[in-house]
Amino acid sequence: MTSERKNNLIAVASGKGGVGKTWLSVTLAGLVARSGRSVLLFDGDIGLANVDIQLGLTPQRDLGGVLSGRHSLKDAITHYTEGGFDIIAGRSGSASLATLPVEKLYAIGDGLKELQNNYDVIILDLGAGIEQHVQYLASIAGRCLVVVTDEPTSLTDGYAFIKIAQGSNPPPDISVVINQAATQKEGESTYSALNKACMNFLNISPPLAGIVRRDNKVKDSIRSQKSLLIKAPHSTAASDAALIAIKLMQK
């Protein structure tokens, strides 16, 4: 499996929910698509899926149908015209990926690896936490962004995710995104605390992919079910996310 892994499959993960992981996934997908690249956004949190909700979409097909055998992963793709990228929606309120038989989980992974040849970038919006299904999807990605905030539980859970991900063979290329930072300086301080723990106990130093400052326009865009790039393209958070997208594309 490791030889098949490519850098164009990027996982966005977090140790806990509520840190803005899905918003960041949606925003990065839009930013990369604006650069002229073909992008697929995969909602990997089937039980609490909300990519389609944040974008105001009602896909005719979703991951739930794939898991039940009604259609293939490729046939579940929906084009998000305003953002210029494709999505595979999860299914909110249905059974979690955590309850899936392992063969179905591996089938999803195989399907995603097949789709890699059709896109310049595939972004996996993973479920929050450190469960086996989350770690498996992270392991098939070439790169993994771990999103954390300055909340102590987010830091400890983010560290736990990184620790377990390091057990993959080989581990994904992990970098850190600090979200909802009060200021750039406070974001750097949060990253420093996480990085120190990783250096002391894991003997690694995951690089900082970027800092997204707290911005009320993010909540406004989510409430209105519009991408921030459409609702407030010149906002602070959009500008900060753009710097992260540029780093991703440079790789």
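## Terms and basis of the model

A salt bridge is counted here where a side-chain nitrogen of Lys or Arg lies within 4 Å of a carboxyl oxygen of Asp or Glu. The model is a predicted one, in which local features need pLDDT of at least 70 and side-chain atom pairs count only at pLDDT 80 or more, whereas totals for chains, interfaces and linings use all residues. Residues are numbered from 1 along each chain as its sequence is written, and side-chain values use heavy atoms, with hydrogens and water left out.

## Overall build

The chain contains 10 helices and 8 strands, these being DSSP runs numbered from the N terminus (H or I of at least four residues for helices, E of at least two for strands). Its radius of gyration is 17 Å, close to the 18 Å given by the globule rule for 251 residues, so the chain is as compact as a globular protein of that length; the radius is taken over C-alpha atoms, and the rule is 2.2 Å times the number of residues to the power 0.38. Along the principal axes, the C-alpha atoms fill a box of roughly 50 × 40 × 35 Å.

Of the 251 residues, 54% count as buried, a class defined by under 20% relative accessible area, with exposed meaning over 50% and partly exposed lying in between (1.4 Å probe, protein chains only). The accessible surface of the chain comes to about 11,100 Å², and carbon and sulfur atoms contribute 50% of it; such areas come from the Shrake-Rupley method with a 1.4 Å probe, and for residues only the protein chains shown count as cover. Among contacts in the chain with a separation of 6 or more, 76% are between residues 24 or more positions apart, where contact means heavy atoms within 4.5 Å.

## The sheet

The 8 strands of an open sheet follow the order E3-E4-E2-E5-E1-E6-E7-E8, with mixed pairing; two strands pair if DSSP finds at least two bridges between them. Strands E3 (77-80) and E8 (208-213) stand at the edges with a single partner strand each, so one side of each has no neighbour in the sheet. From one strand to the next the twist averages 25°. Helix H7 (residues 184-201) packs on the sheet, where it touches E6 (143-148), E7 (173-181) and E8, and its direction makes about 140° with that of E7. For such angles, axes are lines fitted to C-alpha atoms, for helices over the stretch in contact, and values run from 0 to 180 degrees between N-to-C directions.

Strand E1 (residues 9-13) runs parallel to E5 (residues 121-126), to which 4 bridges join it, with Ile 122 of E5 as the bridge partner of Leu 9. Another 4 bridges join E1 to E6, again in parallel, and there Val 12 has Leu 145 as its bridge partner. Leu 9, Ala 11 and Ala 13 point one way from E1, while Ile 10 and Val 12 point the other way. Because 5 of the 5 residues of E1 are buried, this strand is largely enclosed by the rest of the structure.

Helix H5 (residues 132-140) is likewise largely enclosed, since 8 of its 9 residues are buried; the buried residues include His 133, Gln 135, Tyr 136 and Ser 139. Their cover includes E1, E2 (39-44), H4 (102-115), E5 and H6 (152-165).

## Salt bridges

Side chains of opposite charge can pair when their charged atoms come close. The structure holds 6 salt bridges, one of which joins Glu 151 to Lys 16, with the closest N and O atoms 3.7 Å apart. This pair links distant parts of the chain, as Glu 151 lies in the loop between E6 and H6 and Lys 16 in the loop between E1 and H1 (21-34), 135 residues apart. Glu 151 is partly exposed, with a relative accessible area of 39%.

Lys 226 and Glu 82 also meet in a salt bridge, at 3.2 Å from N to O, and this pair spans 144 residues, from the loop between H8 (216-223) and H9 (228-231) to the loop between E3 and E4 (85-88). Lys 226 is partly exposed at 32% relative accessibility, as is Glu 82 at 47%. In the pair of Lys 113 and Asp 110, the closest N and O atoms are 3.8 Å apart, and both residues lie in helix H4, 3 residues apart, about one turn of the helix. Lys 113 is buried, with a relative accessible area of 12%, whereas Asp 110 is partly exposed at 39%.
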